[in-house]
Amino acid sequence: SVPIVILARNEEESVNTALQSLLAQNYPGKTDIIVVNDNSSDNTVEEITRVKTNAITLLNSSELPKGWTGKLWALRQGVNYSTKNNPSVDYYLFTDADIEHSSEVLKMLVTKAEREKLQLASFMVLLNCDSLWEKLLIPAFVFFFQKLYPFQWINDPKRTTAGAAGGYLLLKRTALDAAGGIDAIRSEIIDDCAIAHMIKKKGPIWLGLTREVKSLRKYTRLSEIWVMVIRTAFNQLNYSTLNLLATIVGMTIIYIVPPLALTIGLLSQDHLLLVLGALCWLMMTVAYYPTQRLYKRPVWEALLLPVAALLYSLMVIDSAWRYWTNRNPSWKGRKYSNKGSNC
């Protein structure tokens, strides 16, 4: 049995589609859909109630207690409701209200979890990649995420590296209970990785890419992606100035120096510099291409990785600057403390 806990905050444009795709799941086990409305200020509730079925329970999140992040508090309420009504559930599925699911995906992931005795299994959803800024930055976002959290390391029980994607996260109930429940990570900003970190101590976890689960959220402007990234970027570096410097130096050497070297070599007719710059640029393009292929982007767009790297480096710097100047980032109208701990 798999209760599906959906977190919804200001998702009037997508929640109906998300719910319809969950109701259409070809899953032979018992599923209940619990939607936690996290104090939405738009028509999210009206869109949820338009889906007339007894299979959906709508909960309105209570006031956010001190020491909790909004998403984890909403998640806890969904889990508590589910446990109260059925304390012997096998798994929880945590997902968002801006996700569209293929009809077979739940069966696919539960089957994998059962066969491989996984305590947690998660898909990184396929993000939108239609606008100019999405084409430039979204595949790069996934590429850089895999540098921070190599999937092979996450999926290796012998390594401590842990990560997950909150858009689609299947979690064994007994593992969550043994780890102390959602309360154990109540203040975490990067909630999905925090869950993965505490669950991996209880057994094997798995994270993979897919086209079967798609995000409905659109990023039409650079500012929208910028806000999404700076909310957690410096947190990823454990609020460390040394980690920040190492990251910026590393990003510069690996992704920005090669095209600069090629350009300088071309202008100065320094053939060695030109060849080395071109070779390094080609290497990064080859490494990046599988992610581009996942998003069905043309080969030549992989050459733009240095531009994306420069923009993401600036986002990380901005995230650190906001932390140092105590300008808390906001997401969906809610201010987040920038003092939260790293997962």
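The structure is a predicted model, in which local features need pLDDT of at least 70, side-chain atom pairs count only at pLDDT 80 or more, and totals for chains, interfaces and linings use all residues. Residues are numbered from 1 along each chain as its sequence is written, and side-chain values use heavy atoms, with hydrogens and water left out.

**The chain as a whole**

- The protein chain contains 13 helices and ten strands; helices (H or I, at least four residues) and strands (E, at least two) are DSSP runs, numbered from the N terminus.
- The radius of gyration is 21 Å, which agrees with the value near 20 Å that a compact globule of 343 residues would have. This radius is taken over C-alpha atoms, and the globule rule is 2.2 Å times the number of residues to the power 0.38.
- Along the principal axes, the C-alpha atoms fill a box of roughly 75 × 45 × 40 Å.
- Of the 343 residues, 53% are buried; buried means under 20% relative accessible area, exposed over 50%, and partly exposed in between (1.4 Å probe, protein chains only).
- The accessible surface comes to about 16,400 Å², and 57% of it belongs to carbon and sulfur atoms. Accessible areas come from the Shrake-Rupley method with a 1.4 Å probe, and for residues only the protein chains shown count as cover.
- Among contacts with a separation of 6 or more, 77% are between residues 24 or more positions apart; contact means heavy atoms within 4.5 Å.

- Strand 7 (residues 168-172) has four of its five residues buried, so it is largely enclosed by the rest of the structure.
- Strand 4 (residues 91-96) runs antiparallel to strand 7 and is joined to it by five bridges; two strands pair if DSSP finds at least two bridges between them. Y91 has K172 of strand 7 as its bridge partner.
- Strand 6 (residues 120-126) also pairs with strand 7 in the antiparallel sense, over three bridges. Here L120 stands opposite L171.
- Strand 6 has seven of its seven residues buried, and it is therefore largely enclosed by the rest of the structure.
- Strand 6 and strand 8 (residues 205-215) run parallel and are joined by six bridges. F123 stands opposite G208 in strand 8.
- In a regular strand the side chains alternate between the two faces of the sheet.

**Two buried loop residues**

- A302 lies in the loop between helix 12 (271-294) and helix 13 (305-324). A302 counts as buried because its relative accessible area is 0%.
- Leaving out residues up to four places away in sequence, A302 touches T285, Y288 and Q292.
- A302 and V316 are 14 residues apart in sequence, and their C-alpha atoms are 22 Å apart in space.
- T232 lies in the loop between helix 9 (222-230) and helix 10 (233-236). T232 counts as buried because its relative accessibility is 14%.
- Apart from its neighbours within four places in sequence, T232 is in contact with I189 and I190.
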